[in-house]
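Please open the model in your viewer and keep the selection tool at hand.

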Amino acid sequence: MNLTETTLLVIGFTGQFFFFMRFFVQWIYSEKQRKSVIPVAFWYFSLLGSVCLLTYAILRKDIVFIVGQSTGFIIYIRNLYFIKKERAKLNA
């Protein structure tokens, strides 16, 4: 791996870190509230976008996108769980 490739990987992973952090902060806030504080469509679009981008990354064999997109699933699914749980409680 040459310097240019290493630099691009550092930039790519740094970008993914900042992108991930916006979801991480929201996730922690939702965990403290014990409910999702974002509209449900946000989570479905996030999940669908992540599936598409992860597929693209795997096909392109792009490690930065693979790592970045694969980590979001837990957060997206966890928040959808909170929404389902809250709606079930309201409908009970």
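A patch is made of residues with over 30% relative accessible area and no salt bridge, in which like charges are joined within 9 Å and nonpolar side chains (Val, Leu, Ile, Met, Phe, Trp, Tyr) within 5 Å. Accessible areas come from the Shrake-Rupley method with a 1.4 Å probe, and for residues only the protein chains shown count as cover. A salt bridge is a side-chain nitrogen of Lys or Arg within 4 Å of a carboxyl oxygen of Asp or Glu.

This is a predicted model, in which local features need pLDDT of at least 70 and side-chain atom pairs count only at pLDDT 80 or more, while totals for chains, interfaces and linings use all residues. Residues are numbered from 1 along each chain as its sequence is written, and side-chain values use heavy atoms, with hydrogens and water left out.

**First stop: a surface patch**

Select Phe13, Ile63 and Val67, which form a nonpolar patch on the surface with about 230 Å² of accessible area together. Valine 67 belongs to helix α3 (residues 63-70); helices (H or I, at least four residues) and strands (E, at least two) are DSSP runs, numbered from the N terminus. Valine 67 has a relative accessibility of 37% and counts as partly exposed. Buried means under 20% relative accessible area, exposed over 50%, and partly exposed in between (1.4 Å probe, protein chains only).

**Second stop: salt bridges**

How many salt bridges are there? The count comes to two. Select glutamate 31, which is buried at 19% relative accessibility. Arginine 34 forms a salt bridge with glutamate 31, with the closest N and O atoms 3.3 Å apart. Arginine 34 is partly exposed, at 47%. Salt bridges that share partners join Glu31, Arg34 and Arg78 into one network.

Select lysine 35, in the loop between α1 (3-33) and α2 (40-60). Lysine 35 is partly exposed, with a relative accessible area of 35%. Not counting residues up to four places away in sequence, lysine 35 touches Ser30, Phe82 and Glu86; contact means heavy atoms within 4.5 Å.

Is serine 30 buried or exposed? Serine 30 counts as buried, at 0% relative accessibility. The side chain of serine 30 makes a polar contact with the side chain of glutamine 26 (2.5 Å). A polar contact is a pair of N or O atoms within 3.5 Å; within protein, one must be able to donate a hydrogen and the other to accept it, and residues adjacent in sequence count only if both atoms are side-chain atoms.

A search of the whole structure finds seven aromatic pairs. One of them joins phenylalanine 42 and tryptophan 43 edge-to-face, 4.7 Å centre to centre, with 90 degrees between the planes. Rings of Phe, Tyr and Trp (its six-membered ring) pair if their centres lie within 6.5 Å; planes under 30 degrees apart count as stacked, over 60 as edge-to-face and the rest as tilted. Phenylalanine 42 is partly exposed at 31%, whereas tryptophan 43 is buried at 0%. Finally, select Phe23, Phe42, Trp43 and Tyr76 together: they form one aromatic cluster.
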